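Thanks for making the time this morning. I would like to walk you through one model, going from a database annotation to the strands and then to the question of confidence.

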Amino acid sequence: MIKDSNVPMAMTFPPFLVVLLLALSTGPQCDAIWLNIPKTGTKCVSEEIHSNVVVLADYVVVSVEDGQTATIAVKVTSPYGNNLHHRENVTYGRFAFTTEEAGNYLACFWSDNRTRGSGEVVVNIDWKTGIAAKDWESVARKEKLQGVELELRKLEGAVEAIHENLLYLKSREAEMRSTSETTNARVAWFSIMSLGICIAVSGLQVWYLKRFFQKKKLI
C-alpha cells in the first residue's frame with residue numbers, strides 16, 4: 001500500500017516545451033500609446049499592416065492639463081483614404097476592423113472645439129493587431145483549452161502571424177526589387193540615348209565646322 005506523502009513531487013517537462021514556454025513568457029508585450037493633444041492641433045498614430053489582419057484599438061481620455069473634462073474627435077483611415085472609424089465629442093471608444101488592403105493605416109485624434117480651457121488632452125490608446133487582437137478567452141472556452149494547451153495555441157497563432165509577416169515582407173521585397181530593376185533599366189536606356197545624342201551632336205558640329213572652313217578656304 002502506497003502512503004500519501006507531504007513532499008511535493010517534482011514535475012518534469014520535455015526540453016522543447018520549456019523552450020516554448022520561455023518564448024511565450026519573454027515575448028514582446030503590447031504597450032499602450034500616450035498622446036498629448038494640444039488645444040488646436042492634431043496627433044496621429046500609424047502602422048504599416050498587410051491585408052487580412054485584425055486591428056483592435058481602445059482609446060480613452062485620461063485627463064487634461066487644467067483638470068477639466070475634455071472630449072475628442074477620432075478618425076481612422078485606410079491607405080487609400082477610406083474612412084474606417086469617425087467619432088466626435090467622445091471621451092472613450094473602440095474601433096475594430098479587418099484590413100482589406102496593405103499599407104499605412106492612420107488614426108488621428110484632435111481636441112473638440114467644445115473643450116474649455118487651453119490645456120492639453122491626454123489620451124491613452126491600446127492598439128493591437130493580428131495575434132494580439134485575438135480574444136483568447138473565447139478561444140479557450142470554445143476549444144476547452146487550459147494551461148499549457150492554451151499557451152501552445154497562442155504560440156501556434158504567433159508562429160502563423162510571423163509566417164504571414166515574412167511572406168508579406170517577401171512580396172514587398174520582390175515588388176521593390178522589380179521596381180528597382182525597372183528603374184535601372186530605364187536609367188540605362190536614358191544614358192545610352194543621351195550618349196547617342198551627344199555623339200550625334202558632336203558629329204554634326206564637326207561636319208558643320210569642316211564645311212565652314214572649306215567655304216572660307218582655310219583648309
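Let me start with the annotation: the unreviewed UniProt entry places a transmembrane region at residues 187–209. In this predicted model, that span is 100% helix and 0% strand, and its end C-alpha atoms lie 33 Å apart.

Turning to the chain as a whole, we have three helices and eight strands, and along the sequence they follow the pattern α-β-β-β-β-β-β-β-β-α-α. Of the 219 residues, 25% count as buried. If we take the contacts with a sequence separation of 6 or more, 76% of them are between residues 24 or more positions apart.

Now to the strands themselves. Four of them form an open sheet in the order S2-S7-S4-S5, with antiparallel pairing; the edge strands, each pairing on one side only, are S2, residues 42–49, and S5, residues 83–90. From one strand to the next, the twist averages 10°. Within this sheet, S4, which covers residues 72–77, runs antiparallel to S5 and is joined to S5 by five bridges, and if you look along that pair you will find Val 76 opposite His 85 of S5.

What, then, makes up the largest nonpolar core? It has 23 residues, and those with the most contacts inside it are Tyr 59, Ile 72, Phe 95, Phe 109, Val 123, Ile 125 and Trp 127. At least two residues of this core come from each of S1, S2, S3, S4, S6, S7 and S8.

Finally, how far does the confidence carry us? The chain averages a pLDDT of 78, with 77% of the residues scoring at least 70. Among the elements, S4 has the highest mean, 93, whereas helix H1, residues 15–25, has the lowest, 45. Over residues 1–13 the pLDDT is below 50, and that stretch has one contact in the model beyond near neighbours in sequence; over residues 15–29 the pLDDT is again below 50, with nine such contacts. Where pLDDT is low, predicted coordinates should not be read in detail, and I would ask you to keep that in mind when looking at helix H1, with its mean of 45.

Definitions and conventions: Residues are numbered from 1 along each chain as its sequence is written. This is a predicted model: local features need pLDDT of at least 70, side-chain atom pairs count only at pLDDT 80 or more; totals for chains, interfaces and linings use all residues. Side-chain values use heavy atoms; hydrogens and water are left out. Two strands pair if DSSP finds at least two bridges between them. Helices (H or I, at least four residues) and strands (E, at least two) are DSSP runs, numbered from the N terminus. Axes are lines fitted to C-alpha atoms, for helices over the stretch in contact, and angles run from 0 to 180 degrees between N-to-C directions. pLDDT is the predictor's confidence in each residue, from 0 to 100. Contact means heavy atoms within 4.5 Å. UniProt positions are given in the numbering used here, feature names are shortened, and annotations may be inferred rather than shown by experiment. A nonpolar core is a set of buried Ala, Val, Leu, Ile, Met, Phe, Trp, Tyr and Cys residues joined through side-chain atoms within 4.5 Å. Buried means under 20% relative accessible area, exposed over 50%, partly exposed in between (1.4 Å probe, protein chains only).
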